[in-house]
Amino acid sequence: MPGQGRRTAPLPKGWSRIRARILKRDGHICQWPVATGGICGEPANQVDHKVNAASGVDDHSAANLWALCKWHHDQKTGREASAVAHAHPPRVRPTEAHPGLLP
């Protein structure tokens, strides 16, 4: 799908209908929370997951989807991509016997 971007998990079947339903539910208004306690309120043309699953399997339920303006969608996607790019695998060291316990 053009403009979809790169995803680790495919969108579900019927995504265009889900997307349209979420945009309608949110009144085509960006739902991003702002510091003043409200929402962005700009016109929304994107639908995204509030929380992406670390395993790459997204929760596509209506409760986890929201309408976003392009700016907030791009900001969220950029932060998520940066977090993945800068993630370091955990360092695993073999357990060593305490020096005082060596034979």
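Which cysteine sulfur is closest to the sulfur of C40, and how far away is that sulfur? I looked this up before anything else. The closest cysteine sulfur is in C30, at 3.9 Å, which is too far for a bond. I note here that the model is a predicted one.

**Entry: cysteines**

I then turned to C30. The closest cysteine sulfur to that of C30 lies in C69, 3.7 Å away, again too far for a bond. A disulfide needs the two sulfur atoms within 2.5 Å, and by this rule I count 0 disulfides. I wrote down a reminder that a disulfide is a covalent bond between the sulfur atoms of two cysteines.

I also checked burial for both residues. C30 has a relative accessibility of 0%, so I list C30 as buried. C40 comes out at 22%, so I list C40 as partly exposed. The limit for buried is under 20%.

**Entry: overall layout**

I stepped back to the whole chain. The protein has 2 helices and 2 strands, and along the sequence they follow the pattern α-β-β-α. I noted helix α1 at residues 15-25 and strand β2 at 65-68. Strand β1 covers 46-49, and helix α2 covers residues 70-85.

The protein has 103 residues, and 22% of them count as buried. Its accessible surface comes to about 7900 Å², with 60% of that belonging to carbon and sulfur atoms. I also looked at contacts between residues at least 6 apart in sequence: 54% of these join residues at least 24 apart.

**Entry: the nonpolar core**

Which residues have the most contacts inside the largest nonpolar core? I found C30, V47 and L65, in a core of 13 residues. Helix α1 and strand β2 each supply at least two residues of this core. For background, I noted that nonpolar side chains tend to be buried together in soluble globular proteins.

Leaving aside neighbours within four places in sequence, L65 is in contact with W15, I18, I22 and R25, among others. The list for L65 also includes V47, D48, H49, K50 and H60.

I searched for aromatic pairs and found 1 in the structure. W32 and W66 form this pair, which is tilted, with 5.4 Å from centre to centre and 40° between the planes. W32 sits in the loop between α1 and β1 while W66 sits in strand β2, so the pair ties together parts that are 34 residues apart in sequence. Both W32 and W66 are buried.

**Entry: two histidines of α2**

H72 is in helix α2. Its relative accessibility is 11%, so I count H72 as buried. Residues up to four places away set aside, H72 touches C30, W32 and C40.

Beyond its neighbours within four places in sequence, H73 is in contact with Q46, D48 and L68.

**Entry: the loop between β1 and β2**

Is N64 buried or exposed? N64 is buried, because its relative accessible area is 7%. N64 lies in the loop between β1 and β2. The side chain of N64 reaches the backbone oxygen of D59 at 2.9 Å. Apart from neighbours within four places in sequence, the contacts of N64 are D48, H49, K50, V51 and D59. I also checked N64 against N52: they are 12 residues apart along the chain, and their C-alpha atoms are separated by 8.8 Å.

D58 has its place in the loop between β1 and β2 too. With a relative accessible area of 12%, D58 is buried. I compared D58 with L11 and found them 47 residues apart in sequence but 8.5 Å apart in space, C-alpha to C-alpha.

Last, I looked at backbone angles. Most residues other than glycine have a negative phi. H28 is not a glycine, yet its phi is positive, at about 55°. H28 lies in the loop between α1 and β1. I recorded H28 as partly exposed because its relative accessible area is 43%.

Key
Residues are numbered from 1 along each chain as its sequence is written. This is a predicted model: local features need pLDDT of at least 70, side-chain atom pairs count only at pLDDT 80 or more; totals for chains, interfaces and linings use all residues. Side-chain values use heavy atoms; hydrogens and water are left out. A nonpolar core is a set of buried Ala, Val, Leu, Ile, Met, Phe, Trp, Tyr and Cys residues joined through side-chain atoms within 4.5 Å. Buried means under 20% relative accessible area, exposed over 50%, partly exposed in between (1.4 Å probe, protein chains only). Helices (H or I, at least four residues) and strands (E, at least two) are DSSP runs, numbered from the N terminus. Contact means heavy atoms within 4.5 Å. Accessible areas come from the Shrake-Rupley method with a 1.4 Å probe; for residues, only the protein chains shown count as cover. Rings of Phe, Tyr and Trp (its six-membered ring) pair if their centres lie within 6.5 Å; planes under 30 degrees apart count as stacked, over 60 as edge-to-face and the rest as tilted. A polar contact is a pair of N or O atoms within 3.5 Å; within protein, one must be able to donate a hydrogen and the other to accept it, and residues adjacent in sequence count only if both atoms are side-chain atoms.
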